[in-house]
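I opened the notebook to look up a few packing details. The entries below follow the order in which I checked them.

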Amino acid sequence: MKELPEFDSRAIEERILDWWEKEKIYKEIKKAEPKDKVWRFIDGPPYTTGNVHLGTAWNKILKDYLIRYKRMQGFRVTDTPGYDTHGLPIEVLMEQNLGIHNKKEIIDYGLEKFIDKCREHAESQIPKMNEQFKRLGCTFWNWENPYITLKNTYIQGIWWTLKEAYKNGLLYQFYKPQNCCPRCATALAKHEFEYHNVKDNAIFVKFQSVEDPKTFYLIWTTTPWTLVANTNIMANPNNEYVEMRVKDETWIMGIAATANLLQFKLELARGEEDGFDYGRRFKGTELEGKRYIHPLIDEVPYQKELEKQQPKVHTIVLSSEYVTEGEGVGLVHTAPGHGPEDFEVGMANNIPVFNPVDMHGKYTDEAGIFEGKFVHDTNEEIINILKQKNTLVYIDEIEHEYAHCWRCKSKLVYRATRQWFFKTTELNELMLKENEDIYWVPDWAGHTNFRLWLENLRDWCISRQRFWGIPLSIWTCQNEDCEHIRVIGSAQELKEVAGKCPEDLHRPHIDKVTWKCPKCGDIMKRIPDILDVWLDSGSVMWAAQKFVDGKEHYDTWVPADFILEGKDQIRGWFNSLLCSAIVSSKRKNYNSCYMHGWVQSHGTKMSKSLGNAIEPEDIIRGEVEILTEAQKEHLRKLAAEQSTSKFDKTKKKSKKKSKKSKKKSKKKYIKDNRRWSNVKGIETFRFFCVGGTQAGRDLNFDYKEYVDTFKVLNTFWNMYLFAEEKMNLNDFKPSEVTIDYKQLSLEDKWVLSATNTMIKHLTELFDKYYLPDIPALLQNYILNDLSRWYIRLIRNKIDPNMEDPGRFQSLKVLWTVLYQLVLVMAPVNPMLTEELYQKMFKDDLGKNVKKSVHLESWPDIKQKYVDEKLEKEMNFARKIIDSIRSLKMDHRIKLRWPTKALYIIPKEELDELRFIDIIQQKANVKEVKILDKMPKGKLIETEISECKLVLDLEDTKEIQQDRIIKDLLRTIQYLRKINDFNIEETITLQLATEHDFVFQALKDNEELIATKVSAEPLDLVNGKIEEDKSQIYHEFHLCLNESCYASVREKHAKKIKANKKKQCNYCKNQITKDSLGVIQIQFSKNEK
RNA sequence: GGAGACGUAGCUUAAAGAGUAAAGCACCACCCUGAUAAGUUGGAGAAUAGAAGUUCGAGUCUUCUCGUCUCUACCA
């Protein structure tokens, strides 16, 4: 057994991490893992941002728990971490770095150069992140060989998905409106939308009737720019419409909308000449086929072309589905190029899809005078034109949620484009069915949240018009009439078909691969699109599985036993995983799934712009900002403001405010640095973050709570320090003592039982993946069962001076339970437990010893030690002790003062009471008796549910002496302590008193005193001594009334000496100068 | 617009099925203490966001209101 260091978590962690590295422990772990028994875990790949924030840390730590646990349970664990490397985030970052603003500039810069930059960036972030993850204690992962989505092998795995989906008839191309990001110039899928509140102008416009120039149709829109592409008006065949007289015109609108628009918005009076009147009412069906004049027909000449192409253009069409009564004006402006519903109705009526907007959100030449303008900037111009034409009826301001790009936060534009889709709607039922079979923690994550998401799933748009991503392996014939399509499933296949395949499968190299169409002889070219990044990680199950049977062979993939991610992955990874698996293989690819929430700080989301982000390094360095309640409140307000103002340019004031507060909160400070200066390192966070919240809920990183956790680990560590010290003092050799169960004391038996029970519960929690309950269970065991109870019980016994014959058995039991605890704590706190294992246990484990605690197995539950009855009895004993302490306190009897007897009077039959000794010791009574009726005497009593508890306060000489000696001992110990005497240092002690009874008490307990305070020699004086200034001198006072002998506190003694009256706490009599006894204490340190 | 939540002491969280509203931290007092930034006992502190209903009985079930959050949408 080696000496343990003081608890400095950070220093210990760093030393252990080095040691693991140096000793190559990970290699040994992999070597020791079995071949067959596999626990298949798949890591959801974080994006290569280069920075591991607290949420990512939490995520990895939770995973690390289970990896370590399952390993101890004898599984081979798939521990390959992953990195997501493709997609817009890096492209956007590279654009910023290069000072580029759009796609065209990227092409000008050079596609190859740009993609190389992206790759370079992604690859450069990985080693950084590896190190950050390792520092969290997530060390024994396959960091040297993570799966990375940009690798060729990985890309081929995705190609396999595409090919399988195509074979299954689930990959198709379609032309329809999609939300597109104008800045990134690509289509986006629905999991890439971010909704934010924006203010827009909503306008009421009147469309002139062709049949009657004084008749107008009223429509309402929040996106004036889509009027350019308007082709129709929709009416609900079942709704009621009305011909309103408005001044000298006839306006046609839904009856439900009239009052709102005319009376309240336009403030017209009913019946007045310049007001309005109700006219003929009729059903929507009557409106079908009515022609109107497009309000921008002069500005957008192409509209005339459309009319020629299809006479139904610029007429009213019917839709009962998409026109509701309550909203707008009952007639709906329809632009099939700019809205899915418009598109659908357009298709049903054979209306051409007019989309005069390009990928960048700019009007094309088909938009006439608007050509080249950005759509969101054109709203105002269009409004002005409409005003001039006198067709604008009213402008309203409306606040609504609008979709933005998840990456660059641009407002999206709905426009028709040709995209590739997975036909996930067709497989919806299968997905729901497969989802039912997934074991979710918490249950509602899967069976409510994810189910709802799946129920609303639409076809997945997988194509993106970007550069940095996996190229779609789809080649089409350039001859438009031919329509030949070839989907490629691997590099090998490409080589066979095209005769060549580039080294690097990314763009632009892959774009150069072409071949002759086998059907028509024209050229087969790859479509220029790349894939939605989400498909990258969705295919990990087979794409990361590089070789099976020595070659790429994807369709043998095995579902993951377990995955674990945050709640944002409902729409993200959980979704893309299941979709990819169903589309390619029609089965699910994960069997159980744990979902956690987000890390919050001070009740709000952590964000850099709010200045409340806490990084793992802050925690490791112990520099976490503590906010006052007022500051927290301010933060919450700020967060609320920011979420609305971010996308609303009108609120500039609040932005300024937030800058100010940023400055304020940037200053990191620690409240009472001295007190918490040890709260450093990551182990406290590892313990805290799992139990900090329930599964699926957000983790509120509250500093106080976090520090609370530190106290648990501090006690945990000190417990080992204490045990190690006692074992060494006793010259105890664990390997030389075997536990003889029959010989054990009851408390030893109890702690063995309690330990095994705890391990049993713990194992159940781990197996059910109820992670958040784990720390609470450990904490309760560490604090309540070991530190505050068992160790206290055996403290006297294992004191080497007491030479108790049972002490070696107890020490062995202590050693055993502490060893078990190290094992079960190893997944939670891998570094601290490693230190303990190395220093305290390794030398005594004999031939079973392992090089590292992480090569050990999870402890078996020793059923022979489990004694439920004993545990119950102990609980009962503790209950009695608590009640007695409370009773003594009520009567101002110090616990230190012994009492003659405790009588237990049962209400009904009691179970056996085997812990009489412990009750006697802890309640400090001379004897415990079980009686069936109240005895007589000087008694006080209390009651618990099982029995009556009675204390007999009758004094004996022994009790009186004890009252003096116990308090005296404590006083001397205290004096030693405050004067910085070490435990092993001895003193020369003089005790003097003039009072005979007190002197006799000292005399009778001479040996005890000498031992307890290490006095060699001890000199007892029956009389007075002179104070020696060179020594430590103290006067101990006591009450001499009626043989009370209770100690009197120093401040009270002073008052009594000054002739003030004071009542004795114990005997309640007045103490005067005469009845105040004194013991003079004088001592000095002995030279060695 | 739709859906899912959430609101319990100053703070952080508990309370299957309806049955006296817990615990930890913080606070106050007393006690204890030679492993412990530890511990004991007690105190103070919540009409469980508000209102109504069902019930012998509601933090728990129902409805509404207020507040907070998340997800989602074809807001024309």
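**Entry 1: around Asp342**

I started with the contacts of Asp342, leaving out residues up to four places away in sequence: it touches His333, Thr334, Ala335 and Pro336. The model is a predicted one, and I read every value with that in mind. Asp342 is found in helix H10. Is Asp342 buried or exposed? Its relative accessible area is 9%, so I noted it as buried, the cut-off being under 20%. Asp342 and Asn230 are 112 residues apart along the chain, and their C-alpha atoms are separated by 9.6 Å.

**Entry 2: helix H10**

I went on to the helix itself. H10 covers residues 340-348, and Asp342, Phe343, Val345 and Gly346 are buried in it. I then checked the residue just after the helix. Asn350 takes a positive phi there, of about 65 degrees.

**Entry 3**

Next I traced the strands. In what order do the three strands of the open sheet run? I read S14-S9-S15, with mixed pairing. S14 and S15 stand at the edges and have a single partner strand each, so one side of each lacks a neighbour in the sheet. Neighbouring strands are turned against each other by 35 degrees on average, direction ignored.

I took the pairings one by one. S9 and S15 pair in the antiparallel sense, over four bridges. In that pairing, Ile233 stands opposite His333 of S15. H10 packs on this sheet and touches S9, S14 and S15. The direction of H10 makes about 90 degrees with that of S15. S9 and S14 pair in the parallel sense, also over four bridges. Here the bridge partner of Ile233 is Ile316 in S14.

Then I looked at the side chains of S9. Which residues of S9 point one way, and which the other? Asn232 and Met234 point one way, Ile233 and Ala235 the other, and all are buried. In general, side chains of a regular strand alternate between the two faces of the sheet.

**Entry 4: aromatic rings**

I ran through the aromatic pairs and found 50 in the structure. I picked out Phe685 and Phe701. Their ring centres are 6.1 Å apart and their planes stand at 45 degrees, so this pair is tilted. Phe685 lies in helix H22 (residues 683-691) and Phe701 in strand S30 (residues 699-701), so the pair ties together parts that are 16 residues apart in sequence. Both Phe685 and Phe701 are buried. Phe701 also pairs with Tyr706: the centres are 5.2 Å apart and the planes at 45 degrees, so that pair is tilted. Tyr706 is buried, as is Phe701.

Phe133 has a lysine over its face: Lys60 lies 4.3 Å from the ring centre. I logged another such case at Phe216. The charged end of Lys206 sits over that ring, 4.7 Å from its centre.

**Entry 5: cysteines**

How many does the whole structure hold? The search finds zero. Cys579 is in no disulfide either, and its nearest cysteine sulfur, that of Cys461, is 13 Å away. I checked the accessibility of these cysteines too. Cys482 counts as buried, at 15% relative accessibility. Cys579 is buried with a relative accessible area of 2%.

Methods. Residues numbered from 1 in each chain as written. Chains lettered and ligands numbered in written order. Predicted model: local features only at pLDDT ≥ 70, side-chain atom pairs only at ≥ 80, totals over all residues. Heavy atoms only, no water. Disulfide = S-S within 2.5 Å. Buried < 20%, exposed > 50% of the residue type's maximum accessible area, 1.4 Å probe, protein only. Helix = DSSP H or I, 4+ residues; strand = E, 2+ residues; numbered from the N terminus. Contact = heavy atoms within 4.5 Å. Phe/Tyr/Trp six-rings, centres within 6.5 Å; stacked < 30°, edge-to-face > 60°. Lys NZ or Arg CZ within 6 Å of the ring centre and 35° of its normal. Pairing = 2+ DSSP bridges. Axes fitted to C-alpha atoms, helices over the stretch in contact; angles between N-to-C directions.
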